[in-house]
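Subject: Structure handover and notes

Dear colleague,

I am passing on the structure that you will be working with, followed by notes on what turned up in it. Please read the notes with the model open beside you.

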Amino acid sequence: MGGDHGPSVTLPSCARFLRDHDDANLLLVGLPDVLQTAWAQQPGVAQLAPERVKIVAASEVVSMDDPVEVALRKKKDSSMRIAIQQVRDGTAQAAVSAGNTGALMAVARYLLKTMEGIDRPAIASQMPNAKGGGTTVLDLGANVDCDSEHLLQFAVMGSALVSVLSDKEHPTVGLLNIGEEAIKGNDTIKHARTLMLKAAAKGQLAFYGNVEGNDIFKGTTDIVVCDGFVGNVALKTSEGLASMVAAFLKSEFSRSPLTRVAGAMAYPVLSAFKKRVDYRRYNGAALLGLRGLVFKSHGSADALAFGTALHRAYESARNDLLQKLETRISAAAPLLQNGLDDEDVPALPAADQEQAA
C-alpha cells in the first residue's frame, strides 16, 4: 500500500514476479477492497494457481509523512505492521515495502528484534559502478551516528549479504574515509579500520582498507561501509546522477534535426550508459541485523524498480541469507562484543608509519 504510487505500481510488479518465479508465492497485505479490485485487473492473474497469491487484510496504512511514533504506537493494524508480522510468525520468509523508511525500520526492529551481537540494524543496497555491476553500501540512513563497533558490524553483515547474492565467498570490504591512508579520518574511522584489520587477520573479513567516495563508483571493493548520514547522501547523489543523465539526453537530442541525427548515431552507447546508471536496476535495500528478512523499495519506485526489490528479497530467502548472517555474526561475536585490546592492534603498514612520522 505504501510508496508514492501504492498498488498502481506494486501490484503489476507482483503479477510479473509470480509469472517469472514459479516456485514463489505472495501475500499481498493491505486494504482488502482496494487490493481485490486492483489485483483482478492485472493481466494474466486469472491463470495463476489460487494458492500462489493471498490477500492479507489490514485496516490502516502508514503514510509517507507519518511520524515513527504514529506507525509504531497508533497504527497497530497497518499494512506495514501486518506484513512484518507474517515474517515474525513464519508465514512469510521476507517482507518488501515501498513505504515510510523510518517507520519500516522502527516497526521491523520492534517486531523482529535484532540478532545476537548486533546493536543496530543497517540499510544496505547497491550503487552502480564502472565495472558494470553494483557496489553494496551500508549504512544508507538507518544510523546517523555510529561508533567503530557499529561499522564493524555493518562490514560483517554486508559481507554475508554480498556472498549470498553474488556467489562471492569472500567479498572485499572498504571503509569510507577522506583518504586511503591510515592516518586520515576521525578517531571513529581509525578505530574501525583497526577492528576490521583484526577481523581480516582472523579470516572473518576480506578487508581492503580505506576507500574514498569515488571508489564506490569505480567498483574498487564489493562493499563500502560508512555511517548512515554519509551513506544516505551518497545514495541520493547516485540517484540524482541517473536522473540528470536521463533528463540531459531527453532535452539535448530533441533540440534540432542535427542533434536528433547525432543522438540516433550515438543511441546504442548512450542507451547502455543510461541503463548502467539506472538506479531502478539496483532497487531493494536490505534491513540487515534483524531476526527476519525485510527489504525496502524506494518510495518513488516504478513497476520495474519494485520488481527488482521483490527479486532481491526472493534471492535472499532462497539462498538462506538469514542463516548465513547468523553464522557470520556468531563467528565474529567475540570481536563484535569485546572490541580490541591495545596489544591486539595490528601494526601500521610501513608506508603509513612513514606518513604518521
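A charge is said to sit over a ring if NZ of Lys or CZ of Arg is within 6 Å of the ring centre and within 35 degrees of the ring normal. By that rule, the charged end of lysine 113 sits over the ring of tyrosine 110, at 4.8 Å from the centre of that ring.

Before going further, please keep in mind that this is a predicted model, in which local features need pLDDT of at least 70 and side-chain atom pairs count only at pLDDT 80 or more, while totals for chains, interfaces and linings use all residues. Residues are numbered from 1 along each chain as its sequence is written, and side-chain values use heavy atoms, with hydrogens and water left out.

Lysine 113 is placed in the loop between helix H5 (101-112) and strand E4 (122-128), where helices (H or I, at least four residues) and strands (E, at least two) are DSSP runs numbered from the N terminus. Its relative accessibility is 44%, so lysine 113 counts as partly exposed; here buried means under 20% relative accessible area, exposed means over 50%, and partly exposed lies in between (1.4 Å probe, protein chains only).

Aspartate 320 also has a positive phi, about 55 degrees, without being a glycine. Aspartate 320 is found in the loop between H11 and H12, and with 41% relative accessibility it counts as partly exposed. A further backbone feature is the cis peptide bond that joins leucine 138 and aspartate 139, with omega at about 10 degrees; aspartate 139 lies in the loop between strand E5 (134-138) and helix H6 (148-166). As background, most residues other than glycine have a negative phi, and most peptide bonds are trans.

Turning to aromatic rings, a search of the whole structure finds one aromatic pair. It is formed by phenylalanine 17 and tyrosine 314, and it is edge-to-face, with 5.9 Å from centre to centre and 80 degrees between the planes. Phenylalanine 17 lies in helix H1 (residues 7-20) and tyrosine 314 in helix H11 (residues 303-318), so the pair ties together parts that are 297 residues apart in sequence. For the terms, rings of Phe, Tyr and Trp (its six-membered ring) pair if their centres lie within 6.5 Å, and planes under 30 degrees apart count as stacked, over 60 as edge-to-face and the rest as tilted. Phenylalanine 17 is buried, with a relative accessible area of 6%, and tyrosine 314 counts as buried at 16% relative accessibility.

H1 and H11 come up again in the largest pocket, where H1, strand E1 (26-30), strand E2 (53-57), helix H4 (79-88), strand E3 (94-97) and H11 each supply at least two residues of the lining. H11 gives the most to that lining, with six residues. The largest pocket has a volume of about 930 Å³ and is lined by 43 residues, of which Leu26, Leu27, Ala94, Ala95 and Val96 lie nearest its centre.

The structure also holds two cavities of 30 Å³ or more, and about 50 Å³ of space lies in the largest cavity. Strand E9 (285-288), strand E10 (293-296) and helix H12 (321-331) each supply at least two residues of its lining, and the lining residues include Leu287, Val294, Phe295 and Leu325. On a 1 Å grid over the protein atoms alone, a cavity is a set of points where a 1.4 Å probe fits but cannot get out, and a pocket is an open set with protein on both sides within 12 Å along at least five of seven lines, while lining residues have an atom within 4 Å of a point. Grid points are joined across faces, edges and corners, and a volume is the space filled by probe spheres set on the points.

Isoleucine 329 is found in helix H12 and counts as buried at 2% relative accessibility; its C-alpha atom is separated by 9.3 Å from that of glutamine 204, which is 125 residues apart from it along the chain. Methionine 157 lies in helix H6 and is buried, with a relative accessible area of 0%; the C-alpha atoms of methionine 157 and lysine 324, 167 residues apart along the chain, are separated by 9.3 Å.

Best regards
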